[in-house]
Amino acid sequence: GVALIFDLMPKHPVDSFQFSGTTGVRADELDRQVREQFNGMPQLARLAEVEDAVKRILREEGYLSTTATARVVPYHDPDRATMVVNVEAGPRTVIAAAEIHGQSPLDPARTLARLGVTPGSPFRERALAAGLAQIRDELRAKQFYAAIAQYQPPAFSPDGASASLVITIEAGPTVELRVNGELPGRVDDFIPIKRQSSVDADLLDDSRAAIVQGFRRQGYWRASVQPYTPLEVLGRDLY
C-alpha cells in the first residue's frame, strides 16, 4: 500500500514591518508609505514588490542608489509573521543649481524656495512634481488657463551626488470668455472653462456640441454654434 503523510503548518499572516539598516527617512514614515502603496500589509509572495516599493519611495526622496532586501520572520503563540526589510539608502542627491524659465507673475527666488530646490537642498522628485502641480493649479485659478509648470529631466553629476534643474513656469495670458448670443442654460454648465481651469481645444469643441444638443432638447432643431475665435487684447485672450 501507499502511506500518505501530510505536514500541516499554521498560517503566519504578516502583520507588521521591521526596517533595518540605513533607511534614509524615518522608519515609521517608510512603514506608512509602503502600507499606502499596498493598501495595507502585502502578501507573503510579494517580497520583490515590497523591495521595489521601498527603492521607489527612497528614490523619490533623493536616494538614487538604494538597495532593499525583504524576508519574512514567523512567530508563534499566536501565529504571525513580521516582514523584515534591510535597507541601505546610500548617499542622498542634493541640488547643485536650479533655474526657472518662462514668464509668470511669480518671483523666481521665492518660487525656488517654495519648491525646496535651492542649492544644497535634497533632490525630492515627488515633492517637486507635487509643488509644480500646485503652482499650475493656482495660476489657472487666476484665469491663466493655459499655464504650465514642469521641469526637465535633471542633469546629474557623474557620481550622482548632485543634480541641476531647469524648471519652466509659463503662465500665458489671462483668459476671458465672451458669448455672443444666448445659451440653453448656464455658462458654466455648457462652457466649463472656469470649473475645469482649461481652454483645451477638445473642451471647447465639446462645449460647442453640448450647446447644440441643449438647444435641440428644447426643440430648436436648426440650432448651430459658430467656431470659437481666440482674440488677444493687451495680453488677455478672449474666447
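Good morning. The buried residues of helix H1 pack against strand S1 (14–22), helix H2 (47–60), strand S3 (80–88) and helix H4. Please bear in mind throughout that this is a predicted model.

Which residues of H1 are buried? They are Leu 30, Asp 31, Gln 33, Val 34 and Phe 38. The helix itself covers residues 27–38; at 1.5 Å a residue, its twelve residues should span 16 Å, and the 17 Å between its end C-alpha atoms agrees with that. After H1 comes Asn 39, which has a positive phi, near 55 degrees.

I turn now to H4, one of the elements that H1 packs against. Helix H4 (residues 125–141) also packs with helix H3 (residues 108–115), at an angle of about 130 degrees and with the axes 9 Å apart. The two helices are therefore oblique to each other. On the H3 side, the contact involves Thr 111, Arg 114 and Leu 115; on the H4 side, it involves Leu 128, Gly 131, Leu 132, Gln 134, Ile 135 and Glu 138.

Finally, the aromatic residues. Three aromatic pairs are found in the whole structure. One of them joins Phe 123 and Phe 156 edge-to-face, with 5.9 Å from centre to centre and 70 degrees between the planes. Phe 123 lies in the loop between H3 and H4, whereas Phe 156 belongs to strand S6 (residues 155–156), so this pair links distant parts of the chain, 33 residues apart. Thank you.

Technical notes. Residues are numbered from 1 along each chain as its sequence is written. This is a predicted model: local features need pLDDT of at least 70, side-chain atom pairs count only at pLDDT 80 or more; totals for chains, interfaces and linings use all residues. Side-chain values use heavy atoms; hydrogens and water are left out. Axes are lines fitted to C-alpha atoms, for helices over the stretch in contact, and angles run from 0 to 180 degrees between N-to-C directions. Helices (H or I, at least four residues) and strands (E, at least two) are DSSP runs, numbered from the N terminus. Angles under 35 degrees count as roughly parallel, over 145 as roughly antiparallel, 65 to 115 as roughly perpendicular and the rest as oblique. Contact means heavy atoms within 4.5 Å. The expected span of a helix is 1.5 Å times one less than its number of residues. Buried means under 20% relative accessible area, exposed over 50%, partly exposed in between (1.4 Å probe, protein chains only). Rings of Phe, Tyr and Trp (its six-membered ring) pair if their centres lie within 6.5 Å; planes under 30 degrees apart count as stacked, over 60 as edge-to-face and the rest as tilted.
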